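Hi,

Here is the structure I said I would pass on to you.

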Amino acid sequence: MQKLRKEVEKFKKKILENKNLPQHIAIIMDGNGRWAKKRGLPRIAGHKAGVKTVKRIVKAAGELNIKFLTLFTFSTENWRRPKKEVSAIMGLLYKTTKKEIDELYQNNVRLITTGRIDGFSPRRKEILEKAMEKTKNNTGLTLNLALNYSGRVEILDAVRKIIKDLKKGKIDEEKIDSKLFSSYLYTKDLPDPDLLIRTSGELRLSNFLLWQTSYTELYITDVLWPDFSVSDFHQAILDYQKRERRFGGVG
Ligand code: IPE
Ligand code: IPE
Ligand code: MG
C-alpha cells in the first residue's frame, strides 16, 4: 500500500514537471460488464464497481489541475440494453450524483452534462440540474458527464440550429467554418479533448465526440474500467506528454 502510494506520488510529480498537461481529457469508460462476468457477478455489479473508479479518477484529475474531464457515461445507443440494466445504471447515476454532490462542491468541481438530458424523466433531470446549479461557480475541475450522448445526433442538432439561424439571417452561409460549427455543438464552451482514453481494449470511438476528436491523442488500454487505477491514469497522461502533436504540419 505504502509502495503504491509512493509510486502515485512519483508519477504525479513527473507529470507536473513535464508542463504540457492535457487541458481536456475524455474517457470512454468501458468494460464494466466484462469485469463482472469474470467474477461470475451480474453486469450491474460491474457498473457499481465502475462508480468507485469514477470517484478516484475525478479526484486524481483535480489533484493534477486538469481543467476538463469528460466521461462517457451513457450513450444514446445504450438504451438498447436490457431494461433491467438500463434502469440499474440510471439508478446508480442519480444515487451517486445525490450522494457525491457535496463533496464535489467542497473540492471546487463544476459539474456539467453533455447530451440530451431532456430524454430523462423530469424528476431525474431535476437531480442533475440541481447538482449543476450548486457547483456552477466552482473554478476547479469541470466534470462533464456525457449522458444520452451521440456524436452524430450532436452534429445533426448543430446542423438544425445553423439552418434556423441562416433562415433568420443571423449568420452568413460564407461564415460557416470549423469555429462557427463548433460553437453550435453541445460542447461549445469546452476546448477539444487533448487526450482520449478508452479502457477494455476496444479499438473504436462508439459515437463519442466525433467532431471534437479530430486531432485528439488516443490511448487505449486493456485494463477494465473497474480496475483502472490512479497509476493507470497517470501512465496515460505520461504517455500523452511524450507525443508530438503535429496537426498535419511537420515536427
Ligand atoms: C461501460 O461498460 C459502461 C456503459 C456503457 C454504461 P460496459 O457495460 O459496456 O462493459 P462491457 O463492454 O460489456 O464489458
Ligand atoms: C461506449 O461503450 C459507451 C459508454 C462507455 C457509455 P459501449 O460499451 O456502449 O460501446 P460498444 O457498444 O462496445 O461500441
Ligand atoms: Mg462496453
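**Helix α1 against helix α8**

Glu 7, Val 8, Phe 11, Lys 12, Lys 14 and Ile 15 on the α1 side touch Val 230, Ser 231, His 234, Gln 235, Ile 237, Leu 238 and Gln 241 on the α8 side. Sorted by class, this contact between α1 and α8 holds six nonpolar, four polar and three charged residues. Before you go further, keep in mind that this is a predicted model.

For orientation, α1 covers residues 2–17 and α8 covers residues 230–242. Their axes are 10 Å apart and meet at an angle of about 25°. Angles under 35 degrees count as roughly parallel, and α1 and α8 are therefore roughly parallel to each other. As for handedness, α1 and α8 cross in a left-handed way.

Next up is α4 with α5, the latter being residues 122–135. These two pack at an angle of about 20°, and the distance between the axes is 10 Å. That angle makes α4 and α5 roughly parallel. The crossing of α4 and α5 is left-handed. On the α4 side, the contact uses Met 90, Gly 91, Tyr 94, Thr 97, Lys 98, Ile 101, Asp 102 and Tyr 105. On the α5 side you'll find Arg 124, Ile 127, Leu 128, Ala 131, Lys 134 and Thr 135. Seven residues of the α4–α5 contact are nonpolar, three are polar and four are charged.

α4 also packs with α3, at an angle of about 25° and with the axes 10 Å apart. So α3 and α4 are roughly parallel as well, and their crossing is right-handed. From α3 come Arg 43, Ile 44, His 47, Lys 48, Val 51, Lys 55 and Val 58. They meet Glu 85, Ala 88, Ile 89, Leu 92, Thr 96, Lys 99, Glu 100 and Leu 104 of α4. The classes in the α3–α4 contact come out as seven nonpolar, two polar and six charged residues.

**The largest pocket**

Which residues lie nearest the centre of the largest pocket? They are Met 29, Val 54, Phe 72, Thr 73 and Trp 225, out of 49 residues that line this pocket. Elements giving two or more residues to the lining are α2 (32–38), α3 (43–63), β2 (68–75), α4 (83–106) and β4 (142–149). Of these, α3 provides the largest share, with 10 residues. The volume of the pocket is about 1200 Å³.

If you want a place to start, look at α3 and α4: they pack with each other, and both give residues to the lining of the largest pocket.

Cheers

Technical notes: Residues are numbered from 1 along each chain as its sequence is written. Chains are lettered from A and ligands numbered from 1 in the order in which they are written. This is a predicted model: local features need pLDDT of at least 70, side-chain atom pairs count only at pLDDT 80 or more; totals for chains, interfaces and linings use all residues. Side-chain values use heavy atoms; hydrogens and water are left out. Axes are lines fitted to C-alpha atoms, for helices over the stretch in contact, and angles run from 0 to 180 degrees between N-to-C directions. Helices (H or I, at least four residues) and strands (E, at least two) are DSSP runs, numbered from the N terminus. Angles under 35 degrees count as roughly parallel, over 145 as roughly antiparallel, 65 to 115 as roughly perpendicular and the rest as oblique. A crossing is left-handed if the near helix is turned anticlockwise from the far one by less than a right angle, and right-handed if clockwise. Contact means heavy atoms within 4.5 Å. Ala, Val, Leu, Ile, Met, Phe, Trp, Tyr, Cys and Pro count as nonpolar, Asp, Glu, Lys and Arg as charged, and the others, Gly among them, as polar. On a 1 Å grid over the protein atoms alone, a cavity is a set of points where a 1.4 Å probe fits but cannot get out, and a pocket is an open set with protein on both sides within 12 Å along at least five of seven lines; lining residues have an atom within 4 Å of a point. Grid points are joined across faces, edges and corners, and a volume is the space filled by probe spheres set on the points.
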